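Subject: Handing over a structure

Hello,

Here is the structure I promised to pass on to you. Have a look at it first, and then read on for what turned up in it.

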Amino acid sequence: MRELKAELITKAVRDMVIDANICLPADLEARIVSAAGNETGELPKSVMGDLVKNLDAARELNIPVCQDTGLVVVFAEIGQELHITGGGFDEAVNEGVRQGYKEGFLRKSVVADPLRRVNTEDNSPAVIHAAITGGDRLKLTVSPKGFGSENMSALKMMLPTANKGDITEFVLETVKKAGANPCPPVVLGVGIGGDFEYSAILAKKALCRSVSERNGDKFYADFEIELLNKINELNIGPQGFGGKTTALAVNIEAAPTHIAGLPVAVNIGCHVTRHKSIII
């Protein structure tokens with residue numbers, strides 16, 4: 001049994017929330033730069049150029065790439081041979097969020113109650129999804145999720161008779177309805193299967209996958225590309241001004257489901273879909 005001090009988890013989360021808010025994953029930034037070069041219209045090309053300049057400025061000035069520094073979502077894979085000492089796992093994560101948002105001068109956006117709306121003043125608590133896995137390691141994925149894009153997300157309980165065409169229609173309707181609100185070009189996480197809540201978790205998990213990594217199942221990998229092409233034909237474009245790039249990537253995660261249903265969730269991420277992973 002391997003032991004891991006809770007304070008090391010806190011330090012890791014603290015560092016990750018700061019880093020994730022300042023620098024995008026390299027492959028996502030590369031997509032944005034590439035899209036800027038592919039736009040031919042004067043306005044969309046100018047907008048994409050401004051987005052690239054913003055990424056450069058955030059890195060050079062060591063400031064957040066977006067003023068909405070998000071609600072922290074954490075996916076944790078905890079090895080069953082790992083024993084966390086000196087404190088509980090959830091508290092260690094939330095302490096890391098508190099320290100990171102304070103020390104990184106990141107905007108605090110979390111309210112303690114959804115109706116009474118009093119700010120917690122430290123951006124905690126995080127939304128934590130933990131799973132027990134084999135081995136003695138801890139894998140943490142931290143995703144600060146902005147709500148301009150989160151608010152445009154959607155979930156639909158489809159009938160089991162629904163097919164790829166029906167799912168495509170739902171995804172396209174969701175993107176069209178969102179329009180410029182989620183700061184396109186967007187990244188889409190699509191969760192198919194599970195039940196009501198698990199389809200949404202799958203969609204959020206899909207957003208934490210590299211945009212350069214396709215689904216391991218060729219059926220879904222091809223579907224990702226198909227959806228991306230159809231979305232980019234909508235001409236919503238960068239920041240809603242029209243153009244070739246409405247989405248940078250579509251990531252799909254699928255899971256077994258009940259014979260009587262077909263849940264589908266679409267989690268929209270803005271062009272700064274932030275996430276960072278570490279194995280301790």
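**Charged pairs**

Lys 218 is exposed, with a relative accessible area of 59% (exposed means over 50%, buried under 20%, and partly exposed in between, using a 1.4 Å probe and protein chains only). Please keep in mind that this is a predicted model, where local features need pLDDT of at least 70, side-chain atom pairs count only at pLDDT 80 or more, and totals for chains, interfaces and linings use all residues. Residues are numbered from 1 along each chain as its sequence is written, and side-chain values use heavy atoms, with hydrogens and water left out.

Lys 218 forms a salt bridge with Asp 222, with 2.8 Å between the closest N and O atoms (a salt bridge is a side-chain nitrogen of Lys or Arg within 4 Å of a carboxyl oxygen of Asp or Glu). Both residues lie in helix α8, four residues apart, or about one turn of the helix. Asp 222 is partly exposed, at 37%. (Helices, H or I with at least four residues, and strands, E with at least two, are DSSP runs numbered from the N terminus.)

Asp 15 is partly exposed at 28% relative accessibility, and Lys 11 is partly exposed at 42%.

Arg 209 is buried at 8% relative accessibility, whereas Glu 253 is partly exposed at 21%. A search of the whole structure finds 18 salt bridges.

**A pocket to look at**

The second largest pocket holds about 240 Å³ of space. (On a 1 Å grid over the protein atoms alone, a pocket is an open set of points where a 1.4 Å probe fits, with protein on both sides within 12 Å along at least five of seven lines; lining residues have an atom within 4 Å of a point. Grid points are joined across faces, edges and corners, and the volume is the space filled by probe spheres set on the points.) Among the residues that line this second largest pocket are Asp 68, Asp 113, Arg 117 and Lys 145.

Happy exploring!
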